[in-house]
Amino acid sequence: MQPLCLIPWTNIDIAPRGNIQPCCKYEVPNSEVMNITTNTIQDYVQSENLQKIKQQMLDNQWPQGCIRCKTEEESGIKSKRLLDYERWQEAYDNYTEHQGFITASIAFGNTCNLKCITCNPGPSSRWRKEYRDLYGIDKPPVEVINNMTSEDIYRALPNAIHMDIPGGEPFLSEVDKQLELLNRYVDSGQSEHMTLHYTTNTQVYPDAKWWSLWKNFKEVDIQLSIDGVGNRYEYIRYPAKNTVLLENVDRYLEQQNIHNIRLSVSHTVSAYNIYYLDEFFTWCSDVGLPRPWCGRAHNPSHMRPCVYTDPVRTSIAEYLDTSKHDDVKTWGKYMKTNNSSEHYERFLTMRDKHDVYRNTNFAKTFPEVEELINGF
Ligand code: SF4
C-alpha cells in the first residue's frame, strides 16, 4: 500500500542545530526531539517516533508534524510532499525499504553572516547578540557535524542520490567537514549519480575549490534565497547589501553554461513581503533568474503572511489577484482562506522592537502596506 508520504522512509533531515527529522517542513513536537550531537542516525531509524510517523502515513493520516504540507495543500499550494513526489517519481516508484535513506538534507552548522528578520539564532549564528540583547536568551553556535557523525552519515547513505545542504550559510558552515563528506562520494564513485542542492543567501560567492568538487556530481542546484527587491531585500535579509546581491547574481548567471550547474531561486513569503510578490516575480524575470519557488513563513506565527487583520488582509489578497503571474494569484487565494490575525498585535510589537534595535524603518521600506494599515 502506498503511504500518504514516502519521505519518512526515503529522507533524513539534520537541521541547523542538529535536530533529526523526516524533512525540513516537519514540525517536530517537543516530545519527539532527537539530536545528532547526542543520538546516532541508527537511534533515529529505530526510534518509536519514526515508527509511529510511518504507521500514520500507512494509515493515510497526517502526522501532527506535517501540518505545513496539509495546510498548503488545502490552500491549493504545492507542498513539499507533492513537489518531492514529482521530482523523485522514478526513485520513489522503484523504492524498496532495504535501500534506507536515499536523500538527505544536512545543515553542517549555523554559521551565517546575516540575521534575516524571519530567522532566529537556531539557523543563524549572526542572530546571537541581538537575541541575547532583546530576549536575554543566549544561543551559542553549534558544530553539528563532527568527524564521527560525518562517518555515520556516509554509512547511512552510501546509495544517496541527492543531498540538500542548507545553512546557516552553507559556504561558511563547517566547510572542511562538508568537503570531507562529499569527497567520500567522489572516491566511491557515487557522486556521478548524485545531485546536490545548496541554499545560499547570495552574499557569499563560492571559490574555486567548490567548482572543482562539483564537476564530479551529476547535477548541482544552487538555490539563491532572496526575499525581496532593493531596500526591501536589505531590510528582510539584514545586514545584506543589495549591491553584493546583484554582483553575485550576475556571476552565478555566467556559470549557467556549465553543463551540471543549475540555478534556482527561493523566496520566503512572510508578513513583510507578501504584498510585494508581483514585484519580486517580475524582478526575477527581468534579471534572467528562473521562476522563484515560494515557501511561507510559518513559525514564528506572527511572521505568517496572513497575520493581517481584515480589511488589510483582503486588500492584499485582491492586489495579488491583479498580478500577471499565476503563482502570485495563488497566494491571493491563500490570503483569502487563511487567517492568523490573532498574532497581529505581536507582529506589530516585534516589528517595532527590531526596527529600533537595527535602526530600520518598516513604514519607509514597505510604504504600500503601511498605507493599507493606516487607511483602515
Ligand atoms: S507530509 Fe510534508 S512535512 Fe510530512 S514528512 Fe511528508 S513532506 Fe515532510
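Two residues are in contact here if their C-beta atoms, placed from the backbone, lie within 7 Å. Keep that in mind for the whole talk.

A word on the model. It is predicted: local features need pLDDT of at least 70, side-chain atom pairs count only at pLDDT 80 or more, and totals for chains, interfaces and linings use all residues. Residues are numbered from 1 along each chain as its sequence is written.

Start with Cys-69. Not counting residues up to four places away in sequence, Cys-69 touches Lys-25, Ser-79, Lys-80 and Arg-81. Cys-69 sits in helix H4; helices are DSSP runs of H or I, at least four residues, strands are runs of E, at least two, and both are numbered from the N terminus. Lys-80 is 11 residues from Cys-69 in sequence, and the C-alpha atoms are 6.5 Å apart. Is Cys-69 buried or exposed? Buried, because 25 C-beta neighbours lie inside 10 Å. The cut-offs: buried means 20 or more other C-beta atoms within 10 Å of the residue's own, exposed means 12 or fewer, partly exposed is in between, with C-beta atoms placed from the backbone.

Now the ligand. There are 13 residues around it, and Cys-5, Cys-23, Lys-25, Cys-66 and Cys-69 come nearest. Near means that the C-beta atom, placed from the backbone, lies within 6 Å of the molecule. Helices H1 (7-10), H4 (67-74) and H5 (80-87) each supply at least two residues of this shell. By class, the shell has eight nonpolar, one polar and four charged residues. Nonpolar covers Ala, Val, Leu, Ile, Met, Phe, Trp, Tyr, Cys and Pro; charged covers Asp, Glu, Lys and Arg; the others, Gly among them, are polar.

Next, the sheet. It is open, with eight strands in the order S2-S1-S3-S4-S5-S6-S7-S8, and the pairing is mixed. S2 and S8 (293-296) are at the edges with a single partner strand each, so one side of each has no neighbour in the sheet. Two strands pair if DSSP finds at least two bridges between them.

Look at S1, residues 11-14. Asn-11 and Asp-13 point one way, Ile-12 and Ile-14 the other, and all are buried. Four bridges join S1 to S3 (residues 103-106), and these run parallel. Ile-12 has Ala-104 as its bridge partner in S3. S2 (residues 20-21) is antiparallel to S1, with two bridges. There, Asp-13 stands opposite Gln-21. S1 and S2 make a hairpin with five residues between them, and Gly-18 in the turn has a positive phi of about 95 degrees.

Further along, six bridges join S5 (residues 195-200) to S6 (residues 219-225), in parallel. Tyr-198 has Ile-222 as its bridge partner in S6.

On to the cores. A nonpolar core is a set of buried Ala, Val, Leu, Ile, Met, Phe, Trp, Tyr and Cys residues joined through C-beta atoms within 7 Å. The largest has 70 residues, and Ile-14, Ile-106 and Trp-331 are among those with the most contacts inside it. Another core, of nine residues, lies apart from it and includes Cys-5, Met-57, Cys-66 and Cys-69.

Last, Phe-108. Where does Phe-108 lie? In the loop between S3 and helix H7 (128-135). Phe-108 is buried, because 25 other C-beta atoms lie within 10 Å. Pro-16 is 92 residues from Phe-108 in sequence, yet 6.7 Å away in space, C-alpha to C-alpha.
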